[in-house]
Amino acid sequence: MSALPDDAPCEPARAEPAYAALFAARYDDWLAAPNSDATVEFLASIAEQGPPGPLLELGSGTGRVVLPLAARGLTVEGVDASPEMTARLHAKPGGDTVCVTPGDFSAPPQPPDIGRHALVYAAGGTFAELDTQAAQRRCFASVAQRLRPGGAFVLDSHLPEALATVGTGTQPVPTPGDGFVLRTRILHPAHQRYTSDYLVLDDGRMRHVRVSFRYSSPGELDLLAEFAGLRLVRRTGGWSGRPLTDASTHHVSVYELPA
Ligand SMILES: C[S@@+](CC[C@H](N)C(=O)[O-])C[C@H]1O[C@@H](n2cnc3c(N)ncnc32)[C@H](O)[C@@H]1O
């Protein structure tokens, strides 16, 4: 965990996450989020309603979402800090059509990318991997710079109250084959973070990896968006588009750069 205060003016550049370097080859079996079809449908329908232009996934990973979107004929790009995850994406059918820029997705875009994307999105809890408020704020600013007027930023997130009540504890992660993965999620409310510790038994070897996340209330995300010049236009209880209710555990929020 970073010891830097949230408003530190200068954070070290983020390196590739440890789980990505260690487990890219097994990521799809062990760690990938479910609901890919709903995610793809949701994003394709937002893209249809927005301005023309390419889509960009922040943390495109092994291509769970970006590849089905590309298969629909949409121009989709990615940005990812992990060369191993990106190599997996490129090795899949259609992977050669998706351009992935290596690097930190919270960094400001370079001039050719300013105002170029019609839709930027972060799926599978990826936004929360930015584990300080400063990094999340920088990311909103970076997305706003990337978007065309009328373009959208879509992200998924835990609802903090649900994370605290039903989202923590130790669970086996369903794994095909004879591997074994145990995840322990612990909340650190004093720092507005949670950690997921994975214990992995693979080929007779036990390994451990920790991922640190920062959870945010929907209201905080809305403020970060507002600071960046984006405004909330839709919030649902998940990628299926179901309404957000008191029983929801996650939300999907759609922000727009006003035209
Ligand atoms: C949990 S995976 C999700 C991948 C994909 N979005 C999905 O839903 O299947 C997160 C991905 O984001 C990348 N990532 C995490 N933090 C990043 C950052 N600050 N900059 C660039 N990539 C990052 C990781 O390397 C990894 O490939």
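Me: Before we start, what counts as a helix or a strand here?
Reply: Helices (H or I, at least four residues) and strands (E, at least two) are DSSP runs, numbered from the N terminus. The model is a predicted one, in which local features need pLDDT of at least 70 and side-chain atom pairs count only at pLDDT 80 or more, while totals for chains, interfaces and linings use all residues. Residues are numbered from 1 along each chain as its sequence is written, and side-chain values use heavy atoms, with hydrogens and water left out.

Me: OK, where does Gln192 lie?
Reply: Gln192 sits in the loop between β7 (180-188) and β8, and although Gln192 is not a glycine, its phi is positive, at about 55°. With a relative accessible area of 23%, Gln192 is partly exposed; buried means under 20%, exposed over 50%, and partly exposed in between (1.4 Å probe, protein chains only).

Me: And Asp203, which loop is that in?
Reply: Asp203 belongs to the loop between β8 and β9, and its phi is also positive, near 55°, in a residue other than glycine. Asp203 has a relative accessible area of 80%, so it counts as exposed.

Me: What sheet do those strands make?
Reply: The strands form an open sheet of four in the order β6-β7-β8-β9, with antiparallel pairing, where two strands pair if DSSP finds at least two bridges between them. At the edges are β6 (169-173) and β9 (205-214), each of which pairs on one side only. Neighbouring strands of this sheet are turned by 20° against each other on average, direction ignored; the axes are lines fitted to C-alpha atoms, for helices over the stretch in contact, and angles run from 0 to 180 degrees between N-to-C directions.

Me: How many bridges join β8 and β9?
Reply: Strand β8 (residues 193-202) pairs with β9 in the antiparallel sense over 10 bridges, and Ser196 stands opposite Val211 in β9. Leu199 is also in strand β8 and is partly exposed, at 36% relative accessible area.

Me: Switching topic, which residues come nearest to the ligand?
Reply: Glu57, Gly59, Arg64, Asp80 and Phe105 come nearest, out of the 21 residues around the ligand, where a residue counts as near if one of its heavy atoms lies within 4 Å.

Me: What about Arg64, Asp104 and Ala123, how far are their polar atoms from it?
Reply: A polar side-chain atom of Arg64 is 2.8 Å from an oxygen atom of the ligand, and a polar side-chain atom of Asp104 is 3.1 Å from a nitrogen atom of the ligand. For Ala123 the polar atom belongs to the backbone, and it lies 3.3 Å from a nitrogen atom of the ligand. Taken alone, the ligand exposes 600 Å², of which the protein buries 97%, with areas from the Shrake-Rupley method and a 1.4 Å probe.

Me: Which strand does β4 pair with?
Reply: Strand β4 (residues 117-122) pairs with β5 in the parallel sense over five bridges, and His117 stands opposite Leu147 in β5. Strand β5 (residues 147-158) is mostly covered, with 10 of its 12 residues buried.

Me: Last one, how many disulfides are there?
Reply: There are zero disulfides in the structure, a disulfide being a pair of cysteine sulfur atoms within 2.5 Å. Cys99 is in none, and the nearest cysteine sulfur, that of Cys139, is 18 Å away. Cys99 is partly exposed at 48% relative accessibility, whereas Cys139 is buried at 0%.

Methods. A polar contact is a pair of N or O atoms within 3.5 Å; within protein, one must be able to donate a hydrogen and the other to accept it, and residues adjacent in sequence count only if both atoms are side-chain atoms.
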